[in-house]
Amino acid sequence: MLQALLQEAGLSASFRQEWLADPLYMYRSQYYPKVETAAGEVVMDFGTMLTDLSGDYVILANSSAFSYMDMNRNGKYDNLEPVGPFPVAASFSYGDGKIVAVADPSMAINSLYGLEGNTAFIASIVGNRTA
């Protein structure tokens, strides 16, 4: 759905299928990596990364330089697995607004929302909007 929306707007982004892991900057396990945003550290939960970015965009969050894509999901870094930092959130200009792509929507679920900078990051995306 995101790819279709962005393509219609003349923009591009894709999500990798592999899991993002970080053996150093993590919450409970390497699959709960902490990523850097302007709002502070944010905890992800089995997230991934954005790839194939094009158009008018700004990176909102990146994984650490110690992160990697666990392509075979074996829980350890193997040669040839991509190493970070990776973009995990980006904002695309679209008309008078923006489209935000986040590689892990679970950072807004109840169990993660109050961790680290998750609340501040979600608030920075949503801004002053109401339901």
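## A buried ring and its partner

With a relative accessibility of 0%, F92 counts as buried. Keep in mind that this is a predicted model. F92 makes an aromatic pair with Y57; the pair is tilted, at 5.8 Å centre to centre and 45° between the planes. Y57 itself counts as partly exposed, at 31% relative accessibility.

## The other rings

Searching the whole structure turns up 8 aromatic pairs. Take W19 and Y31: their ring centres are 5.3 Å apart and the planes sit at 70°, so this pair is edge-to-face. W19 is in strand β2 (residues 19–21), while Y31 is in the loop between β2 and β3, 12 residues away. Y31 is buried, at 11% relative accessible area, whereas W19 comes out partly exposed at 25%.

Ring pairs also join W19 and Y31 with Y27, Y32 and F46 in a cluster. Two arginines get involved here. The charged end of R73 sits over the ring of W19, 4.1 Å from its centre, and that of R28 sits over the ring of Y32, 5.9 Å from its centre.

## The sheet

Strands β6 and β8 are part of an open sheet of 5 strands, in the order β4-β3-β6-β8-β9, paired antiparallel. At the edges are β4 (40–43) and β9 (97–102), each pairing on one side only. Ignoring direction, neighbouring strands here are turned by 30° against each other on average.

K34 stands opposite V43 of β4.

Nonpolar side chains tend to be buried together in soluble globular proteins. In this model, the largest nonpolar core has 15 residues, and L20, V35, M44, V88, M107 and F121 touch the most other members. β8 (87–94) and α3 (118–126) each supply at least two residues, with α3 giving the most, 3 residues. A separate core has 9 residues, including L11, L53, A90 and I99.

Which residues is F121 in contact with, leaving aside its neighbours within four places in sequence? They are T37, A39, V42, L60, A89 and M107. G84, by contrast, is 21 Å from F121, C-alpha to C-alpha, and 37 residues from F121 in sequence.

Conventions:
Residues numbered from 1 in each chain as written. Predicted model: local features only at pLDDT ≥ 70, side-chain atom pairs only at ≥ 80, totals over all residues. Heavy atoms only, no water. Core = buried A, V, L, I, M, F, W, Y, C linked by side-chain atoms within 4.5 Å. Buried < 20%, exposed > 50% of the residue type's maximum accessible area, 1.4 Å probe, protein only. Helix = DSSP H or I, 4+ residues; strand = E, 2+ residues; numbered from the N terminus. Contact = heavy atoms within 4.5 Å. Pairing = 2+ DSSP bridges. Axes fitted to C-alpha atoms, helices over the stretch in contact; angles between N-to-C directions. Phe/Tyr/Trp six-rings, centres within 6.5 Å; stacked < 30°, edge-to-face > 60°. Lys NZ or Arg CZ within 6 Å of the ring centre and 35° of its normal.
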